[in-house]
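Below is a short report on one protein chain. Look over the sequence and the model before reading on.

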Amino acid sequence: MSLTYVVTGASRGLGLEFVKQLSAKGHQVFALARHPEQSPGLQQLIDNKSVFGVQADITCEKSIKEATAHVKKNAPEGVDVLINNAGISGDMKLTLDTTPKKVYMQVFETNVCGTMDMTCSLLPVLRMGDKEKTKKILNMSSIIGSIGGMSKPTLPALSVSKAALNMVTRMMANRLSKENFIVIAAHPGWVKTDFGGKNAPVQPKDSVQGLLHVLDHLTSKENGSFIDFQGNKIKW
Ligand SMILES: NC(=O)c1ccc[n+]([C@@H]2O[C@H](COP(=O)([O-])OP(=O)(O)OC[C@H]3O[C@@H](n4cnc5c(N)ncnc54)[C@H](OP(=O)(O)O)[C@@H]3O)[C@@H](O)[C@H]2O)c1
């Protein structure tokens, strides 16, 4: 069955890989990126029939509003799945002792507020169409946002932002459960992208294949869960 997906941060890395795999499976994808025209990988996939390139900076209210209007216009049946993939790490050299407030704020603005704003804006489009059809939201978190699983403090701004995103995920899951939504936080593995770096052991292809398998097989029991790309549940 062909579904309609929105993927944020689709210019490169995992976001671009989601668009590649989803379009290859025959789904319709709205690929949201800050600068779609500057991503050669995305340009190769955009055909304005099954893959639409849409300008969207998740920290900019105007941009979110315009992107939502574009999606709504081109998806009259609504959206089935939102993949909130866009995220930033902040300076990875900073430690708990050296991270300034400015960096916490920047990372929080994108990873938490940006994800929430994009989701709230798209909710009416996710609610459109068949009420019996399950709608899904995947918030791209990270294992380093797990408070229960933390062993040593690394990447403080990123960890704190993903822990907050996990709480947002649980709140959304709770709020939307009666409307036939499933909302999860996901850990993609340590993946070879600009973000994950060249020493990462997991290829984007395998991470995204795993996450799409997880998404396809979600049931209401998993609403509000934190799951990795291999389907394992993660401690909050
Ligand atoms: N790679 C890993 O090992 C790993 C591990 C755990 C979690 N994650 C999470 O997975 C997600 C994707 O990571 P990745 O490895 O693919 O990272 P990446 O290669 O750095 O790509 C990040 C993407 O997010 C976009 N983005 C950043 N800020 C944005 C904004 N304000 N509005 C819209 N798009 C924005 C970037 O767009 P531009 O091209 O315009 O900069 C880019 O498309 C992130 O949320 C990350 O935290 C990754």
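The report goes from the whole chain to one residue.

This is a predicted model, in which local features need pLDDT of at least 70 and side-chain atom pairs count only at pLDDT 80 or more, while totals for chains, interfaces and linings use all residues. Residues are numbered from 1 along each chain as its sequence is written, and side-chain values use heavy atoms, without hydrogens and water.

The protein chain has 6 helices and 7 strands, in the order β-α-β-α-β-α-β-α-β-α-β-α-β along the sequence. Helices (H or I, at least four residues) and strands (E, at least two) are DSSP runs, numbered from the N terminus. Contact means heavy atoms within 4.5 Å, and buried means under 20% relative accessible area (1.4 Å probe, protein chains only).

| Property of the protein chain | Value |
|---|---|
| Span of the C-alpha trace along its principal axes | about 50 × 40 × 35 Å |
| Buried share of the 236 residues | 50% |
| Share of contacts with a separation of 6 or more that join residues 24 or more positions apart | 66% |

One residue can be followed in more detail. P156 lies in helix α5, which covers residues 156–176. Is P156 buried or exposed? P156 is buried, with a relative accessible area of 8%. Leaving out residues up to four places away in sequence, P156 touches L94, T95, L96, T99 and Y104. From P156 to I144 the C-alpha to C-alpha distance is 9.0 Å, and the two are 12 residues apart in sequence.
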